[in-house]
Amino acid sequence: MEKYVWTSEAAKILGYSQAYLTKLCREGKLPDAEQDGRGKPWRIPVCAIEEFKKQKGR
């Protein structure tokens, strides 16, 4: 089963603001990020965060 983190935790891991991570999720730049409904928090797969870190050299 895939492990997910919330945008707040992903923001700490990546060093970006939570608002920026939410924007990335909305734009589809963090693959397989999901949301239960409009206005609800995003869940981001840990593997998507790791891939994003590699791409950004973080």
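Is Glu27 buried, partly exposed or exposed? Glu27 is partly exposed, at 39% relative accessible area. Here buried means under 20% relative accessible area, exposed means over 50%, and partly exposed lies in between (1.4 Å probe, protein chains only).

## Basis

This is a predicted model, in which local features need pLDDT of at least 70, side-chain atom pairs count only at pLDDT 80 or more, and totals for chains, interfaces and linings use all residues. Residues are numbered from 1 along each chain as its sequence is written, and side-chain values use heavy atoms, with hydrogens and water left out.

## Sheet and helix

An open sheet holds three strands, ordered S1-S3-S2, with antiparallel pairing. Strands S1 (4-6) and S2 (34-35) are the edges, each pairing on one side only. Strands are DSSP runs of E, at least two residues; helices are runs of H or I, at least four; both are numbered from the N terminus. Two strands pair if DSSP finds at least two bridges between them.

S2 and S3 (residues 42-45) run antiparallel and are joined by two bridges. Gln35 has Trp42 in S3 as its bridge partner. Helix H1 (residues 7-14) lies across S1 and S3, at about 95° to S1. Axes are lines fitted to C-alpha atoms, for helices over the stretch in contact (heavy atoms within 4.5 Å). Angles run from 0 to 180 degrees between N-to-C directions.

## Salt bridges

The count comes to five salt bridges. The rule asks for a side-chain nitrogen of Lys or Arg within 4 Å of a carboxyl oxygen of Asp or Glu. Side chains of opposite charge can pair when their charged atoms come close.

Glu27 meets Lys23 at 2.9 Å, N to O. Lys23 is partly exposed, at 35%. A network of salt bridges links Lys23, Glu27 and Lys29.

Arg43 and Asp36 form another salt bridge, at 3.2 Å, N to O. Arg43 is buried at 17% relative accessibility, whereas Asp36 is exposed at 63%. In helix H3 (residues 46-56), Lys53 and Glu50 sit three residues apart, about one turn of the helix. Their closest N and O atoms are 3.9 Å apart in a salt bridge. Lys53 is partly exposed at 22%, and Glu50 is partly exposed at 37%.

## Cysteines

The whole structure has zero disulfides. A disulfide needs a pair of cysteine sulfur atoms within 2.5 Å. The sulfur of Cys25 is 13 Å from its closest cysteine sulfur, in Cys47, so the two are too far apart for a bond. Cys25 is buried, with a relative accessible area of 4%. Cys47 is partly exposed, at 44%.
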